[in-house]
Amino acid sequence: MVQPYHTEMRVVLVGACGRMGSVLAELIAAQADMRLVAGIEAFGHPAVGRPLGTGFIGSELGKVIDGCDAVVDFSTPQSSLANLRIAANQGRPYVLGTTGFTAVELEEVRDLSRLLPLAFAPNFSVGVNVLYRLVAEAASVLRDGYDIEIVEVHHRKKKDAPSGTAKQLAEIAARASGGRRIAYGRHGQTGERPGDEIGVHSVRTGDVTGEHTVILGTDGERLELTHKASNRMAFAQGAVRALRFISGKPSGMYDMNDVLARHADRSGS
Ligand code: NAD
């Protein structure tokens, strides 16, 4: 088991110059109990060699992993898998926010989590994790005769669709409503909407940080549960909370529920 840090947690940030990476770099630098010791960017990225925190931006995690206590990664599936393999070799705690993994890649992420403590969530905002619970409750109570549809809206530069959060919402709603089938989008002569379907729809426009709405509709009424992120700070705050949570944990896969459960325990004590 990796020992908990004793003074400051030395953090390496993968995807350091991305939209999430930039917000996280500032937030980590502002934490009294953390020190940003290096950033990792794609090989050939113009920022490689620039200072970041108390160190530099490089393109090889292997060169800085010995001097860090934890890694936080919001980059791309290929980058995250490569870096996760390196961190797994050293058993380094890892917070992973990247989305868009294929089923095969996800299997490898799960396998690697046997070798290191991994906090992995497609959405680190506290509000979305409360939405998961509300959706489970609503889909379970309204399982008979209510159609379930999910609409997600993101900025035009987002690379994967549907969002990891929308997939997770659909899986939660499917389980809670008795195993419905998930249909991504709708097109052509679809016929009447089958009752055992959950429709998931992706909108890409402008600079929207992220919005998710779950609609439960029947004759005469419609319940809509919506979460809107207005900037990336909510995700970054959750990732920083996950960094503190994951440090010193035994190897395995943890999610935001685990992170929030610890917080609830603490506030209750
Ligand atoms: P982005 O494209 O702005 O940033 C990705 C960064 O990763 C870029 O700077 C890119 O150069 C870098 N990168 C690419 N290849 C790399 C490599 N081999 N090594 C190191 N860095 C590399 O994207 P973003 O909006 O910051 O999102 C990043 C990821 O995080 C996406 O998968 C996104 O869906 C996800 N995301 C998750 C959450 C969450 O709460 N879990 C929130 C927002 C975004």
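Predicted model: local features only at pLDDT ≥ 70, side-chain atom pairs only at ≥ 80, totals over all residues.
Residues are numbered from 1 along each chain as its sequence is written, and side-chain values use heavy atoms, with hydrogens and water left out.

I begin with the domains. The domain assignment gives domain 1 as 9-120 + 232-268 and domain 2 as 126-229; such bounds come from an automatic or database assignment. The C-alpha centres of domain 1 and domain 2 are 28 Å apart.

How many residues of each domain are in contact across the interface? Ten residues of domain 1 meet twelve of domain 2, contact meaning heavy atoms within 4.5 Å. The size of an interface is often given as the accessible area lost when the parts come together. Here the area buried between domain 1 and domain 2 is about 960 Å², and carbon and sulfur atoms give 53% of it; this is the accessible area (1.4 Å probe) that the two parts lose on being put together, summed over both.

Between domain 1 and domain 2 there are three residue pairs in polar contact, both residues at pLDDT 80 or more. A polar contact is a pair of N or O atoms within 3.5 Å; within protein, one must be able to donate a hydrogen and the other to accept it, and residues adjacent in sequence count only if both atoms are side-chain atoms. On the side of domain 1 that touches domain 2, the elements giving two or more residues are helix H6 (233-246) and helix H7 (256-268). Of these, H7 gives the most, with three residues. Helices (H or I, at least four residues) and strands (E, at least two) are DSSP runs, numbered from the N terminus.

I turn now to the ligand. Of the 25 residues around the ligand, those that come nearest are Arg19, Met20, Glu41, Thr99 and Phe124, where near means a heavy atom within 4 Å. A polar side-chain atom of Thr99 is 2.7 Å from a ligand oxygen atom. A polar backbone atom of Gly97 lies 3.0 Å from a nitrogen atom of the ligand.

Finally, the structure holds 15 salt bridges, each a side-chain nitrogen of Lys or Arg within 4 Å of a carboxyl oxygen of Asp or Glu. Glu149 lies in strand S8 (residues 147-154) and Arg186 in the loop between strand S9 (181-184) and strand S10 (197-204), so the pair ties together parts 37 residues apart in sequence.
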